[in-house]
Amino acid sequence: MTNPIADVLVSETVLVTGTNTTENHPIFANYLKEAVLKHGTKILVIDPRRIDLVDYAELYLQPKPGTDIAWINGLMHIIVKEGWAAQDYVDERCEGYEEFAKNLEKFTPAYVSEITGLTEAELYAAAKLYGQARPASILYAMGITQHTCGTDNVKSLGNLAMLCGNLGVEGGGVNPLRGQNNVQGACDMGGLPNVYTGYQKVDIPEVREKFAKAWGLEAETLDDKPGLVLTEMFPAAAEGKVKAMYIMGENPLVSDPDLTHIEHCVKALDFFVVQDIFLTETAQMADVVLPGISFAEKDGTFVNSERVVQRIRKALTIAGDAREDREIIAELSTRMGYEMKYDSAEEIMQEIAQVTPSYGGISFERIAEKGLAWPCPDSEHPGTPILHVDTFARGKGLFFAIDHQPPAEVTDAEYPFILSTGRVLSHFHTGTMTRKGEGLNKVHSEIKAEINPEDAARLGVKDDDLLAISSRRGSIKVKAWLSDRPASGVVFVPFHFHEIAVNRLTNAALDPVAKIPEYKVCAIKVEKAGGAKKEVSDKKPKKVKKS
Amino acid sequence: MVTLTIDGKEVTVPQGTTILEAAKGVDIKIPTLCYHERLNPIGSCRMCVVEIEGFTHPMAACTTPVEDGIEVTTNSERLTRIRQDSLKLILVNHPLDCPICDKGGECLLQDLVYDHGIDQVEYTAAKIERDSSYATPLIRYWPDRCIMCLRCVTACQEIKGIGAISIKGDGYGAQVVVVDQDKCQSCGECLQVCPTGALTADLSRYKGRTWLLERVPTTCTYCGCGCQLELNVQNDRVIAVTTQDGVGVNQGSLCVKGRFGYEFINSDERLTTPLIRKNGELQEAGWDEALSLVAEKFSAIKAEFGGGAIGGLTSARCTNEDNYLFQKFMRAAVGTNNVDHCARL
């Protein structure tokens, strides 16, 4: 996020798109509600799902899935035409405007209406609500990014914010809501194939030299080309290019797109190591499983969506013979001939601060009471809650001219519905944590497919009837939940339950830059399943044979 | 700005400030029960009554705004008697089941009764049987313990913007009920603000005494909000999750996962020993055997095909420190940039 969440309390308008905030970021949603109820903020929801936050919105638009670039360009077309753009800001702080503005010309309300299914009046009202507000904030999540044009969707939102002078100001910003506790931190730490910590690129010789020196290596020993991303690694395994994989704390055998293909890829590996706290669906396929520990048994730091680095603390002794994840990694490294020895997580953070300019001022001591937002370059620096304040990170804010692109897979006569996947409030990701106790399962015991009542009536389906849903890649059976949240023609299925693995259906088509799969759009057919209702059992993982 | 005196101290505060807030600013503590910093004043309990020179009746400090020149007294025999009477009226209905109450030891009512030295209650009332209708799968309602302070109802409305619960009935028959079952998300905001043991976490029932708990401050392990919470630990088990008002982005709030999604930590299904696949089945193994095997296999593949033949996925669930070491391992020990994680999923 460019801005802290509390900033929405001073926003005039907040555009909420591709985020089901009340379910996926419930505490951030508190701020949105408070902004509306106590501070007069107006919320503009533009989302293919009629999410609960719509109850608090000034205006709600329901575009067809996969048409984000079109409606964003459409709003900007109107904003420019009506003279609502922040022209001084654009002139002073940005570049690339002319080509961008030229591209907008064809995105007339009539043209955009045709692509998105929104009316011209809706587009005008939305453009006015965001375009005339100062400051205005944009919140988005995976509904924007999980498309083959995800990168362009995000750039388009950046265009919109710059056009209205809403970047680098309190109450403004382009704010992606991060979905996992430390997804920000995993990126910051160089858990990406193209960068070391703090987004220092692996293909810049000076960067490589710096890390080689810090790590006691010759610069040539460090790989000088970006590696494979997750969504490329599995296919590379099937092709025999990747022979072994080491997975820590992930469950791709439930979370990745086109699972049948992923299973095939994993089986092709010569050697497969999984480090986790449970015998997940992924761990069950491993050659070696290494037991790590949970957040409650270790010291360290997580980075939240606002880039705030915060402490976690050891509260319990370690169960059985499990080991600290960092110790496992260090021991493995040492056994492979590259010695690693750290006595504490704090010692590792000291090394991180030394090699990472944006973390230079972060230490366990400084964040003992309260976290710090990076960039925080030195020990005196107060942290940076708002990015791009006087100047953009790259200097001038760059406008991009972006055209609408249809999703990789569009509906046809055989597969006439659109499938979107995502989460529910009471469960998390692949359910490895939230399904382990009684509590959350009492609140939410079953996964159901959200289907519009009109579609359900046409299919002769009632609540809790079993649906057979298939795509070109696989099929699942899941109970129906008649809901007006999806529009007619769209079905939503959460991905938390391995026994109703919706990722058997999803399309592994990727955004060419971010390599993110198109979870939000694929073509499916939906039928009422024949035969008696079959209860799905919550099978426990296979018992481990004692040696 | 408005200037007034409280217990003889001169205080200057902005117009619109309540007497309670003004007193707090100069470290004068007025007893409160229904008042909660995160909520608009409720004014239901009469504990914060103060005397204002020239007014016959005592006023509630939480709802009375300051006025220029007023003289406020927060402590007198009369006020103590009024407060004692208010507490006694509550105790007519509230059972003294503190020994079996999960809130025992950190109950605001318990503290106030102790502070006011109430050793007997002269009043009695006909007992009204109440059903415990307000009970989500995770939150238990004890209607007899409920003192009708309305904190829970106000928090659901004001903090969560939901309004799933309300009061049904009046007088001693009144109780908290869920007015809209679909809206209640079991977030436990009501539980968090309840000053007594009227709302308790069912998962934690009879699991530990408040004064024996260790509360370890940490960060939530679910979404990217980064809520600050406390793991309540007794006998090396997490038995509850609580928060501190005003701390972190969540300011004391949590969602259903953050508050109740802790059971996995002490799950019997946790892995406690390395496993190695032998004859097609995963079997328990020692660390030395497991780590040697991994190191040998990775080294052999690296030697034959290069580091690029190995891929590593680090974790958005693990700490920065774990992630840093993982990518350092892949780059420095394995010799490849094939390292990624589930940021896109």
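Which residue in strand 16 of chain B is the bridge partner of B:Gly312? Select B:Gly312 in this predicted model; the partner in strand 16 of chain B is B:Val339. Strand 15 of chain B and strand 16 of chain B pair in the parallel sense, over two bridges.

Next, keep B:Gly312 selected and turn to chain A. In strand 15 of chain B, B:Gly312 is also the bridge partner of A:Tyr246. Show strand 7 of chain A (residues 244-248) together with strand 15 of chain B (residues 310-313): the two run parallel and are joined by four bridges.

Then display the contact between the chains, to which chain A contributes 124 residues and chain B 98 residues. On the side of chain A that touches chain B, helix 15 (residues 325-335) of chain A gives the most, with eight residues. That side of chain A comprises 66 nonpolar, 31 polar and 27 charged residues.

Finally, select A:Leu75 and A:Val491, which touch the most other members of the largest nonpolar core, a set of 264 residues. Helix 3 (residues 68-81) of chain A gives the most to this core, with nine residues. Beyond residues up to four places away in sequence, A:Leu75 touches A:Leu123, A:Ala126, A:Ala127, A:Tyr130, A:Gly131 and A:Leu160.

Notes:
Residues numbered from 1 in each chain as written. Chains lettered and ligands numbered in written order. Predicted model: local features only at pLDDT ≥ 70, side-chain atom pairs only at ≥ 80, totals over all residues. Contact = placed C-beta atoms within 7 Å. Nonpolar A, V, L, I, M, F, W, Y, C, P; charged D, E, K, R; others polar. Pairing = 2+ DSSP bridges. Core = buried A, V, L, I, M, F, W, Y, C linked by C-beta atoms within 7 Å. Buried ≥ 20, exposed ≤ 12 C-beta atoms within 10 Å, placed from the backbone.
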